[in-house]
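Thanks for coming. I will go through one model today, starting with overall numbers and then moving to individual residues. Please have the sequence and the structure open.

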Amino acid sequence: MKGLSFRKKRKQINFAIFQEVFFWLVGMALAFVGACVLVYFFGRAISNVGQSMEPTIYSGDKVLINQFVYLLKEPDYGDVIVFKPNGNENSHYHMKRVVGRPGDRLQIISGRVFINGEALEEDILTEAMEDAGIAETEIRLEADEYFVLGDNRNASEDSRSPNIGSVKKKDILGKAWFIISPRERFGYIE
């Protein structure tokens, strides 16, 4: 026979539920941190300003920047890099193609780029340059310097200009790798 009891019943904690909730919370936190890392390193979007990279990248195109790749390797010939000229924080980001790497001797002769005495062969179609700028005489790139040109060579302010010059590694934000808008130009950058 059961009677009245004035004792308090002990509440029992269901450890299985506690453990499941804990694993869900840890999983969500890891997913959030992972998403933040992915967006920071691969998903930073920057709009291109100007016509210097046409026909590869047009003015107003939104481009994703890979900020991680240059922690593992150095910028290579043909990479489209994003940088602030001379590290100037008041300047907008520039997007240009790497044509000269550290240690290279570079000169523009009769509208063509010569690297270490040999004519540069490129996979992209460009016009002969009308102005060699500071590359009219041979330039030797230092250990942390890159020479960059726009794909639209005659409408580009790039390493030929004294106010931009060679780009230092520390001023490079990352590699432009994917156009996200406009929709008709959506895709990888060659």
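Let me begin with contacts, where a contact means heavy atoms within 4.5 Å. Among contacts in the protein with a separation of 6 or more, 61% are between residues 24 or more positions apart.

Before going on, the ground rules. This is a predicted model, in which local features need pLDDT of at least 70 and side-chain atom pairs count only at pLDDT 80 or more, while totals for chains, interfaces and linings use all residues. Residues are numbered from 1 along each chain as its sequence is written, and side-chain values use heavy atoms, with hydrogens and water left out.

Now the layout. The protein has two helices and twelve strands; these are DSSP runs numbered from the N terminus, H or I of at least four residues for helices and E of at least two for strands. The order along the sequence is α-β-β-α-β-β-β-β-β-β-β-β-β-β. The radius of gyration is 27 Å, well over the 16 Å that the globule rule gives for 190 residues, so the protein is more spread out than a compact globule. That radius is taken over C-alpha atoms, and the rule is 2.2 Å times the number of residues to the power 0.38. Along the principal axes, the C-alpha atoms fill a box of roughly 110 × 40 × 30 Å.

Next, surface and charge. The accessible surface is about 12500 Å², and carbon and sulfur atoms hold 56% of it. Areas come from the Shrake-Rupley method with a 1.4 Å probe, and for residues only the protein chains shown count as cover. Of the 190 residues, 37% are buried. Buried means under 20% relative accessible area, exposed means over 50%, and partly exposed is in between, with a 1.4 Å probe and protein chains only. There are 24 positive and 26 negative charges, and their mean positions are 22 Å apart. Lys and Arg count as positive, Asp and Glu as negative, and His and the chain ends are not counted. Each charge is placed at NZ of Lys, CZ of Arg, CG of Asp or CD of Glu.

On to the backbone. Most residues other than glycine have a negative phi, and most peptide bonds are trans. Which peptide bonds are cis here? One runs from Glu 54 to Pro 55, with omega near 10°. Pro 55 sits in the loop between β1 (44-47) and β2 (62-66). Another joins Ser 181 and Pro 182, with omega about 10°, and Pro 182 is in the loop between β11 (172-181) and β12 (187-188).

As for phi, Ser 110 has a positive value of about 50° although it is not a glycine. Ser 110 belongs to the loop between β5 (105-109) and β6 (112-115) and is exposed, at 73% relative accessibility. Asn 116 also has a positive phi, near 50°. Asn 116 lies in the loop between β6 and β7 (118-119) and is partly exposed at 34%.

Salt bridges now. Side chains of opposite charge can pair when their charged atoms come close. The cut-off for a salt bridge is a side-chain nitrogen of Lys or Arg within 4 Å of a carboxyl oxygen of Asp or Glu. How many does the structure hold? Twelve.

One of them pairs Arg 101 with Asp 76, at 3.3 Å from N to O. Arg 101 lies in the loop between β4 (94-100) and β5, and Asp 76 in the loop between α2 (69-72) and β3 (80-83), so the pair ties together parts 25 residues apart in sequence. Arg 101 is partly exposed at 24%, and Asp 76 is partly exposed at 32%.

Glu 138 and Arg 105 form another, at 3.5 Å from N to O. Glu 138 is in the loop between β7 and β8 (139-140) and Arg 105 is in strand β5, so this pair links parts 33 residues apart in sequence. Glu 138 is partly exposed at 47%, as is Arg 105 at 28%.

Last, Pro 102, in the loop between β4 and β5. Pro 102 is partly exposed at 29%. Leaving out residues up to four places away in sequence, Pro 102 touches Leu 141, Glu 142, Ala 143, Asp 144, Glu 145 and Tyr 146.
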